Amino acid sequence: MAYALELKDITKRFPGVLALDNMCLQVKSGEVHAICGENGAGKSTLMKVCTGVYQADSGEILLNGEQVSFRNPNEAYHSGIAIMYQETSLFEQMTVLENMFVGHEPRRQAGPFKVIDYAAERARASEILELLESDLDLNQKISELGMAKKQMVEIAKALTFDAKILILDEPTASLTQREVDALFSVIRKLKARGIAIAYISHRLEEIFLICDRVTVIRDGKYISTNEVSQTNKDRLVADMVGRDIGAYYPKETIPVGGEVFRVEHLRQNGLVNDVSLHVNKGEIVGIAGLAGAGRTEFALAACGFTPPDGGKVLVEGKEIPLHSVTKSMDAGLVYVSEDRGKCGLVLDMSLNDNISLPQLRKFSRNMFVNRAKCRAVAKDAIKQFDIKAPSEDFVVTNLSGGNQQKVSVAKGIALQPKIIILDEPTRGVDVNAKAEIYSIISSFAKKELGILMISSEMPELLGMCDRIYVMRDGLVCGELTRAEATKEKILKLALNV
């Protein structure tokens, strides 16, 4: 039997890194095939080889038994392979409709010319959004959308291609449960139509809900393939990490110090509505809520990235200006973005440059940068965060998503803040890297760093936080201690039921 997609002995090298080592994969038509592995295992690299972003150094790609070779993504698209990447790749100043069809707009004959068929484009887009059960406005600009809706546009964009093979790289990373349920409904419909779906996810519970088979890769090598019905979470984790990862949430009892961060009556243009909260030294405080609840908007306003309409922000009792990111950082308030690809990192720069960038003033004298100090900080980050990079000069875009996330967190920690706001700190991160990041967060809490953690993963909040604020419609609608907090209580507050 010919597989819809088959990869044989794929090897891919980057400078100093063997990303794929004789990797194999077989995906059937009409199945959802999960691909699991730690960050850096080679999952995304493998998919980029499938779609012509990278060319393999050796090995074969077969579609329905026939060998193919792609020089670029367009050739892959035209051969029936569509991909939705983990990080959004949308044009911010274009509309939803324009983004869905950019580069492959339907055309019609108008005299001697071929012009874009806007009616056909809109009809097809409406059909896809109906399939996705999405209320996206086709005329709205991407810059006006939150992360969850941007992710939905990416999914819709992938479906505009008449694909026989659909690759989904962390498709639910920024979706609400309702949107996840809608996506799973779409996946089941596509599966019924005979489409082969390669599904990359770190959320193991999703694999058991939606996937038929699962392949595990580790360090660029094939480890195992099993029917989902014949395996379990513990076995998958063991295959992924090759060892016992120990306690998943390394929460320790840490003495809480005095107040380090306070926000009073913060307001911003209907997005943030009179929010007040506080964080103490050594305390890990969570912010829960559904997508659109205003959690990220609150963080951006509090840190000076967007101008609030009123309120106060205090660090160690001293009020700081509301409209200055630089003064916020100088006061010890640091924000780590949920979107590392666009807001957290400069992907085409080195690890060293990224970590040094926010504090060049500290490393400079008479307009000259002390490179030795920059390198020392970067080397320390590589060691402290266990970043899988051959050196501090390694370009960040060549790191896996999880290692990029570690760099993003390390970049904030390197500023030696008094209070750090971590927005989705483990988004797109594998189980082992999550445990490592949790351990790092706990270690800094021990050093009396105040930590405010925004997360869409309730087990993460319940496992790591001393207190949890719940937001809804731009306001704080509840506060729960660690002893009080449960998934049910958080959901009731978030849904107002």
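Is aspartate 353 buried, partly exposed or exposed, and at what relative accessibility? Aspartate 353 counts as partly exposed because its relative accessibility is 25%; buried means under 20% relative accessible area, exposed over 50%, and partly exposed in between (1.4 Å probe, protein chains only).

1. Basis of the note. This is a predicted model, in which local features need pLDDT of at least 70 and side-chain atom pairs count only at pLDDT 80 or more, while totals for chains, interfaces and linings use all residues. Residues are numbered from 1 along each chain as its sequence is written, and side-chain values use heavy atoms, with hydrogens and water left out.

2. Salt bridges overall. The whole structure holds 17 salt bridges, each being a side-chain nitrogen of Lys or Arg within 4 Å of a carboxyl oxygen of Asp or Glu.

3. Aspartate 353 and arginine 371. These two side chains form a salt bridge with an N to O distance of 3.7 Å. The pair links distant parts of the chain, since aspartate 353 belongs to helix α12 (residues 351-356) and arginine 371 to helix α13 (residues 371-384), 18 residues apart. Helices are DSSP runs of H or I with at least four residues, strands are runs of E with at least two, and both are numbered from the N terminus. Arginine 371 is partly exposed, at 49% relative accessibility.

4. Glutamate 283 and arginine 467. The closest N and O atoms of this salt bridge are 2.8 Å apart. Glutamate 283 sits in the loop between β14 (272-280) and β15 (284-288), and arginine 467 in strand β23 (residues 467-472), so the pair ties together parts 184 residues apart in sequence. Both residues are buried.

5. Arginine 262 and glutamate 259. A salt bridge of 2.7 Å (N to O) joins their side chains. Arginine 262 is partly exposed at 27% relative accessibility, and glutamate 259 is partly exposed with a relative accessible area of 33%.

6. Glutamate 424. This residue lies in the loop between β21 (419-423) and α15 (431-446). Glutamate 424 is buried but has no salt bridge; arginine 295, the nearest side chain of opposite charge, is 4.1 Å away. For charge, Lys and Arg count as positive and Asp and Glu as negative; His and the chain ends are not counted. Leaving aside neighbours within four places in sequence, the contacts of glutamate 424 (heavy atoms within 4.5 Å) are Arg295, Glu338, Gln405, Ile454, Ser455 and Ser456.
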